[in-house]
Amino acid sequence: MGHESRIAKAEAIGYRVLRLTGIREGEPLGLMGFGGSGHLVLPTAKHRFANSPVYVFSRGPFVQSLARVRGAEWAGEIDFTPSEPV
């Protein structure tokens, strides 16, 4: 599978999952992990739901920092509690 195919597949999965959440403008969104589809869901969520805070639960400070740079309001370890309820 080529690089473009993997990206397209991750985008399709991420978009479908985002749609299935039923999220509405202003509601918080939590992402568990920030891998293949997670890093694509974040900008899509911020674009479609600009007033919805996004919280990323992921391992490792590098990935958490990347999530914050890409627009997450909070990023932390999987067993941490974010600043707001999700």
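Three strands form an open sheet in the order β1-β2-β3, with parallel pairing, where two strands count as paired if DSSP finds at least two bridges between them, and where helices (H or I, at least four residues) and strands (E, at least two) are DSSP runs numbered from the N terminus. The edge strands are β1 and β3, each of which pairs on one side only, and the twist from one strand to the next averages 15 degrees. This is a predicted model, in which local features need pLDDT of at least 70 and side-chain atom pairs count only at pLDDT 80 or more, while totals for chains, interfaces and linings use all residues. Residues are numbered from 1 along each chain as its sequence is written, and side-chain values use heavy atoms, with hydrogens and water left out.

Between β2 and β3 the parallel pairing runs over three bridges, and V56 has A75 as its bridge partner in β3. Helix α2 lies across β1 and β2 and runs at about 170 degrees to β1; here contact means heavy atoms within 4.5 Å, and angles, from 0 to 180 degrees between N-to-C directions, are taken between axes that are lines fitted to C-alpha atoms, for helices over the stretch in contact.

Two residues can be set side by side, with buried meaning under 20% relative accessible area, exposed over 50% and partly exposed in between (1.4 Å probe, protein chains only).

| Residue | Relative accessibility |
|---|---|
| S58 | 7%, buried |
| G76 | 2%, buried |

S58 lies in the loop between β2 (54-57) and α3 (61-69), and, not counting residues up to four places away in sequence, it touches G33, F34, V63, Q64, G76, E77 and I78. G76 lies in strand β3 (residues 74-76) and, leaving aside neighbours within four places in sequence, is in contact with V56, F57, S58 and Q64. Although G76 and F57 are 19 residues apart in sequence, they are 5.3 Å apart in space, C-alpha to C-alpha.

What is the make-up, by nonpolar, polar and charged residues, of the lining of the largest pocket? The lining divides into seven nonpolar, six polar and no charged residues, where Ala, Val, Leu, Ile, Met, Phe, Trp, Tyr, Cys and Pro count as nonpolar, Asp, Glu, Lys and Arg as charged, and the others, Gly among them, as polar. β1 gives the most to the lining of the largest pocket, with four residues.
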